[in-house]
Amino acid sequence: MDGSSLPTVRSTCPYCGVGCGVLLTPDGDGGLAVRGDPEHPANYGRLCSKGTQLSQTVGLEDRFLAPRIADQDASWDQALDLVASKFSDAIAKHGPDSVAFYVSGQLLTEDYYVANKLMKGFIGSANIDTNSRLCMASSVAGHKRAFGSDTVPGTYEDMDLADLVVLTGSNLAWAHPVLYQRLLAAKKQRPKMKIVVIDPRRTASCEGADIHLALAPGSDVALFNGLLAAIYEAGAVDLGFVAHVDGFDTTLDAARADNPARTGLSTSELTEFYRLWIETEKVVTVYSQGVNQSSSGTDKVNAILNCHLATGRIGTPGCGPFSVTGQPNAMGGR
Ligand code: SF4
């Protein structure tokens, strides 16, 4: 077939949570030309090396091209009937909670809807989960604790507009390369923007940062509790905003009882970071699996969110806590 007659398809790179838009053009010979979608708001045409190599993964060799039952090719009708009968048997014998779906963070939101409708609406069980909720469980629980819902109140545009971007538990340069390049491009345009990396390790993300705070592993809660206490002591609490927040006094008391020296950072490092955070109105705090994948991940998330709630730096352009995720539709799954 003449490849030039095959239409280009708009799609999404499946490899990480940046969710870059791609333009895919079949060459008519089993191959695929891949370009960044210049109109997609996540990447405006940029791709990292992983997205650029997408075409290497579409070959049909070594793939199952038909359902298999007992090591034999089978028709889709046979395969679906078998799965449906196994589900039906288990439900008839042991009830709806004897079955479960475990789905992926790469599905479209519409796919999640159909899968949830099938499990919850027709089978009658809540047994459906996604790997994206599992890896993001700390963020989910932290968001629900602080906001009452699992809501990410940030956009990529906020990172463009911020005057201070804090990367904590996030090696953005490797894990979300196109977003990191976007951040560096914004800093180049507005050199007054500061980037702080909080990570026990000196990662590639430190290359473009103004400050690297190599705190002791697991001490993030102490760092952000100390920030909340410093916000209060500097008179930087947004009282109008906090009037709409429950439990602020109790939270503040708990934060003030913590000891930021647990971070292992020097007093001058802590003082400089706290001063910069407090004096900069437009702050985005980006966090990722270095925060989430921890036995105290929910507390770390909550400690970050508390600082944004105390200052009302949330939900306005250039401000907010921002959980960046590992998969393109993690939030859809959650
Ligand atoms: S940054 Fe992520 S979504 Fe974008 S091209 Fe690279 S792997 Fe794909």
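What joins the side chains of N171 and S205? A polar contact of 2.7 Å joins them; a polar contact is a pair of N or O atoms within 3.5 Å, where within protein one must be able to donate a hydrogen and the other to accept it, and residues adjacent in sequence count only if both atoms are side-chain atoms.

The model is predicted: local features need pLDDT of at least 70, side-chain atom pairs count only at pLDDT 80 or more, and totals for chains, interfaces and linings use all residues. Residues are numbered from 1 along each chain as its sequence is written, and side-chain values use heavy atoms, with hydrogens and water left out.

View 1. N171 sits in the loop between β8 (164-168) and α7 (172-175). Helices (H or I, at least four residues) and strands (E, at least two) are DSSP runs, numbered from the N terminus. The relative accessibility of N171 is 14%, so N171 counts as buried; buried means under 20% relative accessible area, exposed over 50%, and partly exposed in between (1.4 Å probe, protein chains only). Leaving aside residues up to four places away in sequence, N171 touches H176, R201, T203, A204 and S205, where contact means heavy atoms within 4.5 Å. The C-alpha atoms of N171 and T285 are separated by 13 Å, and the two residues are 114 residues apart along the chain.

**View 2. The β2-β3 hairpin and D27.** β2 and β3 form a hairpin with five residues between them, and G28 in the turn has a positive phi of about 80°. D27 is in the loop between β2 (21-26) and β3 (32-36). The side chain of D27 reaches two backbone nitrogens: that of D29 at 2.7 Å and that of G31 at 2.9 Å. D27 is partly exposed, with a relative accessible area of 41%. From D27 to F322, the distance is 39 Å, C-alpha to C-alpha, and the separation in sequence is 295 residues.

**View 3. Pairing of β2 with β1 and β3.** Strand β1 (residues 9-12) pairs with β2 in the antiparallel sense over four bridges; two strands pair if DSSP finds at least two bridges between them. β2 and β3 also pair in the antiparallel sense, over five bridges. L24 in β2 is the bridge partner of V9, and V34 in β3 is the bridge partner of L24. Five of the six residues of β2 are buried. In a regular strand the side chains alternate between the two faces of the sheet.

**View 4. Aromatic pairs.** The whole structure holds four aromatic pairs. Rings of Phe, Tyr and Trp (its six-membered ring) pair if their centres lie within 6.5 Å; planes under 30 degrees apart count as stacked, over 60 as edge-to-face and the rest as tilted. The ring centres of Y156 and F322 are 6.0 Å apart and the planes are at 25°, so this pair is stacked. The pair links distant parts of the chain, with Y156 in helix α6 (residues 156-161) and F322 in strand β12 (residues 320-323), 166 residues apart. Both Y156 and F322 are buried. F273 and Y274 form a tilted pair, 5.9 Å centre to centre with 45° between the planes. F273 is buried at a relative accessible area of 1%, and Y274 is buried at 9%. Ring pairs link F224, F273 and Y274 into a cluster.

**View 5. Nonpolar cores.** The largest nonpolar core has 35 residues, of which V196, I198, L223, F273 and W277 touch the most other members. A nonpolar core is a set of buried Ala, Val, Leu, Ile, Met, Phe, Trp, Tyr and Cys residues joined through side-chain atoms within 4.5 Å. Among the elements that give two or more residues to this core are β8, β9 (194-198), α9 (220-233) and α12 (267-279). The largest share, seven residues, comes from α9. Beyond residues up to four places away in sequence, the contacts of I198 include V166, L213, L223, F224 and F273. A second, separate core of 31 residues includes Y156, L179, Y180 and F322.

**View 6. Cysteines.** The structure holds zero disulfides, a disulfide being a pair of cysteine sulfur atoms within 2.5 Å. C319 is in no disulfide, and the nearest cysteine sulfur, that of C307, is 14 Å away. C319 is buried, with a relative accessible area of 5%. C20 is buried as well, at 7%.
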